[in-house]
Amino acid sequence: MSEEREPVTRIVTPVRVAYTYTPGIASERFLRGCKEGKLLGGICDACGRVYIPSRGACPRCAAPTSKFQELSDQGTIITFCIVRVPAENIAVDLPYCTASILLDGADISFTGLIQGCPFEDVRIGMRVQAIWKPESEWDYSVGNIEHFHPLDEPDIPFKDLKGYS
Amino acid sequence: MRDVAVIAYAQTPYVRTERVRNEVEMLMPIIDEVVKKAGIPRQEIGFTCSGSTDYLAGQSFSFVMAVDAVGAWPPIMESHVEMDGAWALYEAWIKIQCGEVDSALIFSFGRSSMGETAETMTLQTDPYTMAPLGPDAISMAALQARCGLDAGLFSERDMAEVAARNRRNALTNPEAQLAGEFDVEALLAAPYRVSPLRDHDCPPVTDGAAAMVIAAADVARDVSDKPVWIRGIDHRLDSHQLGSRDLTKSPSTRLAGERAGVSPGKIDIAELHAPFSHQEIILKNALGLDDDVRINPSGGALAANPIMSAGLARIGEASRQISGGAASRAVAHATSGPCLQQNLVCVLEG
């Protein structure tokens, strides 16, 4: 090589794609519920399972979830993880605990942050309750729930949580 | 080779903007319809394959969510192509040829209205040498049309006649989006959109979905009175670099047509996936279709261009023409990529 050159490591491509996304019947119903501080689950027309949030279909039956039901903001942790690595677009201070929470009356888990106890106390089967932002800040968003807080209730036995995800 | 037939097809009405339903909600009714029409219990369909792209609506993993519309419990054998549903059909056909399964459900969907489709298509060009120039889908098609005009292969009037015929044909297609009688003189009097293309030369922006069930001969004869046989199917591609292609020709279509067995034999109808008017002329030449072949009785992609479904829809529409008795042998074609870069040709018989 007669000439040493710096490798090209970066180019800028000035293409921008913008979207105006509409969420669909079921998701819109869910988001409108959030705005009012309600957690609405979609009920499968065929098997009666309750999904939250529902995209409009029961993935088992491929049937619509055309009816809705307000769910409790209390639930049970079915799995969790302590996050110690940073990620883009996540505004939560490290480390934090994120959990899959089976809300009472639901057949599928809902994701939330767990706060209000040491990480080492978080466990599968633990009962938790949503802590909402002040009503004046409610938007069409699951972000209305600030986090979930432990409830002073006995744990749900593992065998009763089997089969949920 | 195993004989494989299309035994059912369904599609949504094609609309400019599907504002109310999401992709799953659009798909559920047509998947339900196509499975019922096929007469095979959902759990007995061996394979499911879909075609879609996350770029259309800016929804990551939208194809995974779409599986909700199929009913994936107990677990199903499932696959996805980031291509038009016609290529999902190809994968399913291969799966049947391999003897792994005897039947398959194919579906595809897209809501182009959520984004700026023409600009989104820039992202399928080479990211280093082409995309930074920002060519959108209409500008790239305009370059191709200009090449064809300069080479004397067709005129702007020929292009307007293609558009007028497709949209007239669409009058008999209840699911088409853009149908009507258009006067060629009036069309030619309109200003250019991107020279030499006028509005009528360009496809509408369309939201929609399509679904199909295919089966190997034993199953097809068992469940269907009028299976539509896939006699040949092949897909080929041209260079990704527009600059290295002769845009006035479509060698990949010609080759795919030869391999699929378009000739010899009389072709009654052809459903050609030509989103831009001049592309129909290029495709007709590449496939060597006679002037008596009826092209796009459905109205084609100029009447409704549900991106990711418009190719599968050509095969579905051709199969409907055959099962309805309007044709006995048909060619269906699907395209993907800028300026007819990738092409699939399918020969169907009653």
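Let's start with a ground rule: two residues are in contact if their C-beta atoms, placed from the backbone, lie within 7 Å. This is a predicted model, where local features need pLDDT of at least 70 and side-chain atom pairs need 80 or more, while totals for chains, interfaces and linings use all residues. Residues are numbered from 1 along each chain as its sequence is written, and chains are lettered from A and ligands numbered from 1 in the order in which they are written.

Now look at the sheet in chain B. Helices (H or I, at least four residues) and strands (E, at least two) are DSSP runs, numbered from the N terminus. Ten strands form an open sheet with mixed pairing, in the order E3-E2-E4-E7-E1-E8-E12-E11-E9-E10; two strands pair if DSSP finds at least two bridges between them. E3 (78–81) and E10 (294–295) of chain B stand at the edges with a single partner strand each, so one side of each has no neighbour in the sheet. Further in, E8(B) and E12(B) run antiparallel, joined by eight bridges.

Helix H3 (residues 85–97) of chain B lies across several strands, including E1, E2 and E4, and runs at about 165 degrees to E4(B). Such angles run from 0 to 180 degrees between N-to-C directions, with axes fitted as lines to C-alpha atoms, for helices over the stretch in contact.

Finally, find where the chains meet: 30 residues of chain B are in contact with 23 residues of chain A. H1(B) gives the most to chain B's side, with four residues.
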